[in-house]
Amino acid sequence: MRRGLKAFLLALIAGAFFMVSVASAEIIDRIVAKVNGDIITMKEINDRLKPFMKSGEVPEGQINDLRREILEHIIDSRLALQEAEKLGIRVGERDVDSAIEQIKTSNNLTEEQFTKELAKQGLSVELFRSDVRIDIVRAKLINQEIRARAAVTDVQVDKYFQEHLGEYDVRSGCRIRNILLESSDGARDKDRELKLKMASDIVEKIKGGLSFTEAAAEYSDAPNAKDGGNMGVICWEDMNESIRSVLDGLEPGQVSEPLETPQGVQIFQMVERVDADAKASAEIKQKIREKLTEQLLSDKYQEWVKGLRAKASIQVTF
């Protein structure tokens, strides 16, 4: 089954439940709870239990624990439906049909394939339609009752962006080339002086008209010598402090004076500075805003449902 549809199905019937398997059990249908007078039966719980029974991996002792989790989910959904009724929120058959068509289209499923996929998960079309209706109602309730109180500020977005910079390729840096005159471990002062003198001569030749790429190919000991010393784009944060200090003072095209580094004496050329792409940053921040908003809406919705629970008459006999 396609992952997107499977996740959607499980989210509708179980919310944040972990995937567990259950052994089959026969339980006579009975009333297990009343929510403001509306009854919830064991059959409703067992209907939503079937997808978990399909996996067949969890010990029988965990069946009732999972049933209780499902019952809590059903109670929350029942409270939401009751509140939607009070607020005049209606979801018709066409709304449900449209939502299901979108699910089938996004997963490239025919009607026959869709029905078979539901059956594989232990779901009937009727139960799935019921859960889709609840999901639509929930979305309408969030838009009407919660969204206005769940604004994510620019400060929150910027804070998240800065704290997760490593996840996004928008850091500033520069494109550089280098020439390396490698020094052996424990090189003597005389050898170091010789390498510095050689590097100074190379710099003079470059200033005299020799291209940096030709100089790298002829003199550099680095593996990238054949590529003209190309090192690609290096982010400022990833550079050695001494190298960053030298490069920061160069304009595109300029060449540094010889610099002693742990690898040996190096000469650098600033090819271009690469600043964070403003458009890319704006797009990333928009995605961050959407992510934070989604999480905030979820949290606010749970708080809102808790408020409904506090005012409701809930009797559980399971």
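Hi everyone, and thanks for coming. Please keep in mind that what we have here is a predicted model.

Let's begin with the whole chain. The protein has 318 residues, and 38% of them are buried. Its secondary structure consists of 11 helices and seven strands. Now for the contacts: if we take those between residues at least 6 apart in sequence, 76% join residues at least 24 apart. As for the surface, the accessible area is about 18600 Å², with carbon and sulfur atoms accounting for 48% of it.

Next, a helix pair. Helix 2 covers residues 42–53 and helix 3 covers residues 63–86; their axes come within 9 Å and cross at roughly 115 degrees. Which residues make the contact? From helix 2 we have M42, E44, I45, N46, R48, L49 and F52, and from helix 3 I63, L66, R67, I70, L71, I74 and R78. By type, that contact holds nine nonpolar residues, one polar and four charged. The crossing itself is right-handed.

The largest nonpolar core has 42 residues, and I40 and F128 have the most contacts inside it. At least two residues each come from strand 1 (31–35), helix 2, helix 3, helix 4 (93–106), helix 5 (111–120), helix 6 (125–146) and helix 11 (278–311). And which helix gives the most to this core? That would be helix 3, with nine residues.

Finally, there is a second, separate core of 12 residues, and L181, V203, V265 and I267 are among them.

That's my tour, and I'm happy to chat.

Definitions and conventions
Residues are numbered from 1 along each chain as its sequence is written. This is a predicted model: local features need pLDDT of at least 70, side-chain atom pairs count only at pLDDT 80 or more; totals for chains, interfaces and linings use all residues. Side-chain values use heavy atoms; hydrogens and water are left out. Helices (H or I, at least four residues) and strands (E, at least two) are DSSP runs, numbered from the N terminus. Buried means under 20% relative accessible area, exposed over 50%, partly exposed in between (1.4 Å probe, protein chains only). Contact means heavy atoms within 4.5 Å. Accessible areas come from the Shrake-Rupley method with a 1.4 Å probe; for residues, only the protein chains shown count as cover. Axes are lines fitted to C-alpha atoms, for helices over the stretch in contact, and angles run from 0 to 180 degrees between N-to-C directions. A crossing is left-handed if the near helix is turned anticlockwise from the far one by less than a right angle, and right-handed if clockwise. Ala, Val, Leu, Ile, Met, Phe, Trp, Tyr, Cys and Pro count as nonpolar, Asp, Glu, Lys and Arg as charged, and the others, Gly among them, as polar. A nonpolar core is a set of buried Ala, Val, Leu, Ile, Met, Phe, Trp, Tyr and Cys residues joined through side-chain atoms within 4.5 Å.
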